[in-house]
Structure formats: structure tokens, C-alpha cells
Amino acid sequence: MSLKGNKKIRMKNYKYLLGLTIIATNLFSCENDNGKADGYGNFEATEITISAENNGKLMQFAVNEGDVLQKEQFIGYIDTIPLALKREQLEVSKAVISSKSKGVLSQIDILNAKLKTANTNKTRAENLIKDNAGTQKQLDDVTGEMYVIKSQIRSVEIQNAPVVNELKSIDVQLKQIDNQIKKSQIINPISGTVLTKYAEPNEITAFGKPLYKIADLKTMQLRVYVSETQLATIKIGQGVTVKIDDAEAMKSYKGTISWIAAEAEFTPKIIQTKEERVALVYAVKINVKNDGSLKIGMPAELWINNSDKNNKTQNNE
């Protein structure tokens, strides 16, 4: 057989295989369109547990499960009477110590006045010596007096140093008390919905004890698991369709892929078949705006548009 004939046969075989590939691809796409989702998962949200930042009795705590709270909203406060009394005691101690310090400082003022006079006398004695109207002894006496006064000032300052340090210590304690009083106020840190309430008014709470749990439910995250082959068809920022069960038919939402796991993991136990449970999959998070129907833990389906899949596949080829 000639080379030309062999070439025609190979061309026919290539066209035949290409046709089979196109048919198989179309069948797969039709199968997906007929009701098989690309992934399954459950909705979740970032939950934050708000804890007490001080010890004491909950004098006010206006929170109920299901409440929608705003950021920086005042919720209640912990009893601050013990802190206020301690602050008042520190203020009294500061006043007593300040009076002692004022007495010491008044001595320094007197000595500084004497030093100023002695310095004037020294200048006068120096001028008299220049005019041959004074003696060296007069200048020496004034210089010695100035040395004594300076020594007395240093001595008083040394005596006053512990008093100054004690006043600084009290100022630090007052700042700590003010900070504790401020933290006795319960201020909601983020906008969101109260999921769980752990405490009631008039209960005794402690630092770090949970008070309530809150989450922003305006945007929910759907966590799904995809296979390695599906991983090639998705990317962060890509728009997808999310479906949940409704009364009569599936309800659809627009979603955006916000995170794709960097490492594979075993399929969670929620997947029913044994074959799927032993497979390695990648976790994916999808942001979905909540219209009020989406709840934490609610199951949902991920649907990737076929056009996106085909474009991704062509780009890879």
C-alpha cells in the first residue's frame, strides 16, 4: 500500500476518535445539566464569642438570642462600685503624699532663694576685689556659703525622690482602675446576630467568662469539597451558583469563590458512600449574600457554569 493510502487511513481514524471525544464531552455536560451538582456542603459563618473583661456582678445585660446588634453598641455593664471605692482610696493617699511633697518642695524653694542671694553677694565681692575695696576672705566666705546651700538642696531632693516615685506609682494605679472601669462596660465589637446567650443579669461573672456568641449573617460561607479534577475548573473570585432546598423546587443564589484549600484532605464523613469517603478532596469556601433564608449548618449544592468549565479546559489545552 502506498504512503498516500496510509495517510488517508490515519486521518480517518483521527477524525473518528475526535468525534467520539466530542460526543463523550457532550454526554458528560448533559448529565451534569440533568441534576448532578459539582459539590455539596453546608453553610457556616465566622462566630465570635464575647467574654467578660472584668470580675463582678452583671448589673445590666440587655441581650437576647436572635437580636441584631450594631458595632460599638452598649450592651450592659459589670458592677464598678468596688473599683470606684478603690479609686477614691487612692486619691486620698495621693493627697496625703502630695502634702508631704509640697512641704519638702517648699524647703527647696527657700534654699533656692538663699542661693540666689549668696550668688548676688559673690558677684558683689568679686567687683569689690577688682576695685581693691574688698578682700579674698569675703569672696571665700560667700563661695563656701553657696556650696553649703547647694549641698542642702541636693539632700532635700534625695529625701523627696521616694515621695515622687510613690506619687508616680499611685498615678499608674489610678490609670489601671480607670481602664478596669472602662472594661466593665460591655460594648458589642461587630455588627451581627446573637447566636447564643451564656449569661443573665445579676449573675456573677469573671474575666474571660463567655457572655454571648455573635456572627455576621449578612454574608454566609458555603464550605464544599471538590475533587482534584474539579479543582482545575475553579479559581478565587469566580462566580458560581449555589442552590438550596425550597418548598417545591431548588432556590438559587449567586456566589463567589473566596478561598481554596492549598492541601488535600480526606472526604468528611458526611459523604455517604465508602468510595467517596476515602477519596482526597479540596475544601472550597463560597461567599453568598444572605436574604434571610440561609442558616448556619444548612446543606447546599455548588453548581459551576458549564461555559466556565469549557473555557477553563480550552485554556489548559
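A pocket, as I use the word, is an open set of grid points with protein on both sides within 12 Å along at least five of seven lines. Keep that in mind. The model is predicted.

Start with the second largest pocket. Its volume is about 170 Å³. What lines this pocket? Ile50, Ser51, Ala52, Glu53, Ile78, Lys182, Lys183, Gln185, Ile186, Ile187 and Leu211. By class, that lining splits into six nonpolar, two polar and three charged residues. Which element gives the most? That is β6, with three residues. β6 spans 185-187. β2 (47-51) and α3 (136-183) also supply at least two residues each.

Now the cores. The largest nonpolar core has 22 residues. Phe43, Val242, Val284 and Ile286 touch the most other members. Take Ile286. Beyond four places in sequence, Ile286 touches Met220, Gln221, Leu222, Val224, Val240, Val242, Gly255, Thr256, Ile257, Ser258 and Leu302.

There is a second, separate core, with 14 residues. Ile75, Ile78, Ile186 and Leu211 are among them. Ile78, Ile186 and Leu211 also line the pocket I began with.

Last, Lys213. This lysine sits in strand β9, residues 210-215. Is Lys213 buried or exposed? Buried, because its relative accessible area is 19% and the cut-off is under 20%. What does Lys213 contact, leaving aside neighbours within four places in sequence? Glu47, Ile48 and Thr49 on one stretch of sequence, then Thr193, Val194, Leu195, Thr196 and Tyr198.

Methods: Residues numbered from 1 in each chain as written. Predicted model: local features only at pLDDT ≥ 70, side-chain atom pairs only at ≥ 80, totals over all residues. Heavy atoms only, no water. Core = buried A, V, L, I, M, F, W, Y, C linked by side-chain atoms within 4.5 Å. Buried < 20%, exposed > 50% of the residue type's maximum accessible area, 1.4 Å probe, protein only. Contact = heavy atoms within 4.5 Å. 1 Å grid on protein atoms, 1.4 Å probe; cavity = no way out; pocket = protein on both sides within 12 Å on 5 of 7 lines; lining within 4 Å. Points joined across faces, edges and corners; volume = space filled by probe spheres on them. Helix = DSSP H or I, 4+ residues; strand = E, 2+ residues; numbered from the N terminus. Nonpolar A, V, L, I, M, F, W, Y, C, P; charged D, E, K, R; others polar.
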